[in-house]
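User: Hello! I am new to this structure and would like a friendly tour in questions and answers. Could you show it to me, please?

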Amino acid sequence: MNLQGLRVAVLAPITWPTPPPGYGPWEQIAFNIADGMRRRGLDVTLFATGNSQFDGRVESVVPVGCAEDPALNGDVFSALHIGRLMERADQFDLIHNNFDWKPMTYALGRKTPPMLTTVHGFSSPQILAAYYACAWRSFYASISNADRDPGLSYLATTYNGIDPQEFTFNDKPGEYLVFLGRFHPEKGTHLAIEIAKRSGMQLKIAAIPHDDEYFATMVEPHIDGEQIQFLGEVRREARNELLSNALALVHMTTRPERFGLTMVEAMACGTPVLGANMGSVPEIVVDGITGFVCDTVEDAIEKVPRLASLDRRACRARVEAEFTVDRMIDRYIGAYTQAVEQKLPAPPAPEELRWRTHDWWDRPMAYTEIPPKPQSLVFKAKRTR
């Protein structure tokens, strides 16, 4: 199918502008998708904040990102943001949703146009209720093979892609470790600190707030300005300088990684990854070539002396082969083609139905939060033919 001129609405989050000036992985990927499709000849409208930068049409209901102005009510403007898209839905041949589950519920009252939802992550077990309820209406794409729920059907695994030219390559290993991301237990900043201390390495931490209690108890007491340094948030050129001059990125997550955009950004700079053996990490990092996939903290500490011997050109080559915007767009073009041809997803397979009635808490998903299971939720297997 020739998709030239296909009218596509790309729905981005509105926490940050699209693309974000610093942290904002969902907004960055939404921009990369919109811009990549525009360059492939599709007719793209980006639904994002008013201060977003896109060489095409931008529809917005809020002037800046909700995180940029704390006085903005994110719930209100998120609803209006989705409502603006649905108001114009008939003007598009396809909706590409990068804004989690709520837009799908808005689309339940209509069968057109086809909708593709990129699952950027499951925040909690109960979010599966929305994804299951909307499975007849929206197609799904995962960002890694690891981050797939067995109760859902997927059109494709569409690894997140970056432009390697935006990242400075350095073929010489640095002398410090780096942590890049946000302060949350699942991101493992405390493990990066432990690895640095026990291996005698300097650690530079560049992160944004998320879990204040975690930062105050598990991170801040170790920051001494010398061996353990906290740089705050780093953006663009400062991020590139930090990554390209590091010995390695430490990515020892405590829950399965969904994708891990910082791993790809580091490798684009030639910097290998010291990552936890869970979730998508083994899909992104080639063990012993572009970093080390580690089972334990002790395993990671043992690998630190070997990091300098890795060929940093192999890290860059890995990104150029698998994780560029063009490779991502290729995968999405295949998913778009299927969605436009099929219009609506096929009925669920018996095995998918079985998993939907299985305990949602009892599976290896990369949930951000795992609240207690409500007493009223009872999971009973349904008979299927």
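User: Which strands does helix H1 lie across, and at about how many degrees does the helix run to E2?

Analyst: Happy to start there. Helices (H or I, at least four residues) and strands (E, at least two) are DSSP runs, numbered from the N terminus. Helix H1, residues 25-39, lies across strand E1 (7-11), E2 and strand E4 (94-97). With axes as lines fitted to C-alpha atoms (for helices over the stretch in contact) and angles running from 0 to 180 degrees between N-to-C directions, H1 runs to E2 at about 160 degrees.

User: What kind of model is this, and how are its residues numbered?

Analyst: Residues are numbered from 1 along each chain as its sequence is written, and side-chain values use heavy atoms, with hydrogens and water left out. This is a predicted model, where local features need pLDDT of at least 70, side-chain atom pairs count only at pLDDT 80 or more, and totals for chains, interfaces and linings use all residues.

User: Which strands stand at the edges of the sheet of seven strands?

Analyst: Two strands pair if DSSP finds at least two bridges between them. This open sheet pairs in parallel, in the order E3-E2-E1-E4-E5-E6-E7. Each edge strand has a single partner strand, so one side of each is left without a neighbour in the sheet; these are strand E3 (57-59) and strand E7 (156-157).

User: In E3, which residue is the bridge partner of Thr 45?

Analyst: Strands of a sheet pair through backbone hydrogen bonds, either parallel or antiparallel. Strand E2 (residues 43-47) and E3 run parallel and are joined by three bridges. In E3, the partner of Thr 45 is Arg 57.

User: What is the strand order in the sheet of six strands, and what is the average twist?

Analyst: This sheet is open, with parallel pairing and the order E10-E9-E8-E11-E12-E13. From one strand to the next, the twist averages 25 degrees.

User: Which residue in E9 is the bridge partner of Leu 180?

Analyst: Strand E8 (residues 176-182) and strand E9 (residues 202-208) run parallel, joined by seven bridges. Helix H7 (residues 236-244) lies across E8, E9, E10 and strand E11 (248-251), at about 140 degrees to E8. The partner of Leu 180 in E9 is Ala 206.

User: Are the residues of strand E12 buried or exposed?

Analyst: E12 pairs with E11 in the parallel sense over three bridges, and Leu 274 in E12 is the bridge partner of Val 250. Val 273 and Gly 275 point one way from strand E12 (residues 273-276), and Leu 274 and Ala 276 the other way. Taking buried as under 20% relative accessible area, exposed as over 50% and partly exposed as in between (1.4 Å probe, protein chains only), all of these residues are buried.

User: How do helices H5 and H6 cross, right-handed or left-handed?

Analyst: The axes of H5 (residues 189-199) and H6 (residues 212-219) come within 10 Å and cross at roughly 15 degrees. That makes H5 roughly parallel to H6, as angles under 35 degrees count as roughly parallel, over 145 as roughly antiparallel, 65 to 115 as roughly perpendicular and the rest as oblique. A crossing is left-handed if the near helix is turned anticlockwise from the far one by less than a right angle, and right-handed if clockwise. The crossing of H5 past H6 is right-handed.

User: Where is Arg 316, and which residues does Arg 316 touch?

Analyst: Arg 316 sits in helix H11 (residues 312-322). Arg 316 is buried, with a relative accessible area of 11%. Counting contact as heavy atoms within 4.5 Å, and leaving out residues up to four places away in sequence, Arg 316 touches Pro 164, Gln 165, Phe 167, Phe 169, Met 267 and Ala 268.

User: Which peptide bond is cis, with omega near -15 degrees?

Analyst: Look in the loop between helix H3 (102-107) and strand E5 (115-119), where Pro 113 is found. The cis bond with omega near -15 degrees runs from Thr 112 to Pro 113.

User: Is Lys 343 buried or exposed?

Analyst: Lys 343 lies in the loop between helix H12 (325-342) and H13. Although not a glycine, Lys 343 has a positive phi of about 70 degrees. With a relative accessibility of 52%, Lys 343 counts as exposed.
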